[in-house]
Amino acid sequence: MRNLIAFLRRFQIFLVFASLQIISLVIYVQFLSFPRSQYLTTASNVTAKVLTWENDVTKHFDLSKNNYALQRENIRLRERLPEFMYTLSAGKVKVEDTIFKQQYTYIPGMVINSSVTRRNNYFTLNIGSKQGVKPNMGVFSDKGVVGIVHNTSEHYCVVKSVLTKDINVDVIIEPIHLAGILKWDGHDPRRGSIDGISNDLRIKKWSRVITRGGSGIFPKGIPVGKVERIESIEGEPLWNVVVRYSEDYRTLQRVYVVKNVMIEEQQALEGQIPPDEEEDVLR
Amino acid sequence: MNNLTKNIIRFIVFAVLQTLIFNQLEIGYGFHLMIHPLFIMLLPFEMGVISLMGLAFLMGIIIDIFSNTYGLHASSLVMMAYFRPLVFKFYGPREGYDPLKEPNVFDMGNRWFTYVFGILLLIHHLWYFLVEIFQFNQILFILQKTIFSAVPSFLICLLLQSFLIKKSKTK
């Protein structure tokens, strides 16, 4: 016993050092994949409040650009209104619509804190569980896909952006509907890459990349970017497709959170499939 | 102003500066400005390693909460605090440090400060990016980020001292 105390006293400094390191690294690894509480993230109330004050000052820096983007989006939507179209057939019949049912609804939000230069970048939004935001909902802006909700509190939420290590959004390259998984290597916030595309397929440069909408997190067809480069990977029969994002995440402000009304139905159905040996990370 | 209140005020000032200003400055190309290591550096000479590491952990967790890095800053600041007495001992004068002085650039001179703070900052940044990226085939990228972030951080820390320390002397 005395030896033990002598040992502890002798290595006291190193033991404190090691335990603090272990605590912080365990928090880091756990929160990276699944945050157990909101208190160590920017979704917590105090942190988000301070960041909101900060954002109240800095949001005006990009005001004219954002207004312009919203205006353009308004024009696009207004063009679809029936009042803005020339009626070709005179006698219009109103039909009670039984073919289409609303599957996705959207919750508007604003980015109050963001980063783009780290290995894993998160955005904090000013909407939370009170507005109906839940973890694993998709987030996009008028120009492109943004990320997936990671953690929520009552009034705020943290979004794991497409600029993180294992975001794995499933996307398709448009004209031939090639499915792949979007990844980010941590170098450039303007470019990502698509994994899992066999190198016997021909891909045209500058073809559009959109979301596939496979697992109900995103609706199909939200723009991601354009194919900028196609590189071969050494030793593997796969292409490394470099995508240039259509959204500039460095100046992102207004976003929409996707709420899929039928996600529970889809997940209950897909939960009946027996689990695979390989880990399924498709989103 | 006594030492304790001075250091409490410094703690708040560094946390606010880092979270609300330097975290938001994103230049790209691996530049990542971190000034909170300067707080650990400026703590008094006679402080024990354990309390140093405790303060470093607290500071790191606060920065982490504001930047969604979940313990990454805490880990690297504790690392730096652990190495601080070792580096101080290595570069210290033979008769030991004068307890009335403070480890800043004005009291200890440019040469001493550059060596000691440079080494500590490199340790801090290297550990931070090693854990953040955690891929050994990207070691060049890690080193590039370390150098690109440590050099501007060091210069800004030099500048900040002339704002923060001279003021505390006149009061």
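In which sense do strand β6 (residues 169-173) and strand β7 (residues 178-183) of chain A pair? Select both and take a look: they pair in the antiparallel sense, over five bridges. (Two strands pair if DSSP finds at least two bridges between them; helices, H or I of at least four residues, and strands, E of at least two, are DSSP runs numbered from the N terminus.)

Before we move on, some ground rules. This is a predicted model, where local features need pLDDT of at least 70, side-chain atom pairs count only at pLDDT 80 or more, and totals for chains, interfaces and linings use all residues. Residues are numbered from 1 along each chain as its sequence is written, while chains are lettered from A and ligands numbered from 1 in the order in which they are written.

**Stop 1: the hairpin and its neighbour**

Stay with β6(A) and β7(A), which form a hairpin with four residues between them. Click on A:H177 in the turn: its phi is positive, about 55 degrees. Now pick A:V169, whose bridge partner in β7(A) is A:L182. From A:L182, hop across to A:I194 in β8(A), which stands opposite. Strand β8 (residues 191-198) of chain A runs antiparallel to β7(A), and three bridges join them.

**Stop 2: all of chain A**

Zoom out and select chain A, with its five helices and 12 strands. Its C-alpha atoms fill a box of roughly 100 × 50 × 40 Å, taken along the principal axes. Of its 283 residues, 35% are buried (20 or more other C-beta atoms within 10 Å of the residue's own, with C-beta atoms placed from the backbone).

**Stop 3: where A meets B**

Next, show both chains. Here 28 residues of chain A are in contact with 24 residues of chain B (contact means C-beta atoms, placed from the backbone, within 7 Å). On the chain A side, α2 (12-33) and α3 (45-58) each supply at least two residues. The largest share, 11 residues, comes from α2(A).

**Stop 4: two helices in chain B**

Finally, select helix α3 (residues 49-67) and helix α4 (residues 72-91) of chain B. They pack at an angle of about 155 degrees, with axes 7 Å apart (axes are lines fitted to C-alpha atoms, for helices over the stretch in contact, and angles run from 0 to 180 degrees between N-to-C directions). So α3(B) and α4(B) are roughly antiparallel, the word for angles over 145 degrees. To see them meet, show side chains in α3(B), including B:L52 and B:F57, and in α4(B), including B:L77 and B:Y82.

Technical notes:
Contact = placed C-beta atoms within 7 Å. Parallel < 35°, antiparallel > 145°, perpendicular 65-115°, else oblique. Buried ≥ 20, exposed ≤ 12 C-beta atoms within 10 Å, placed from the backbone.
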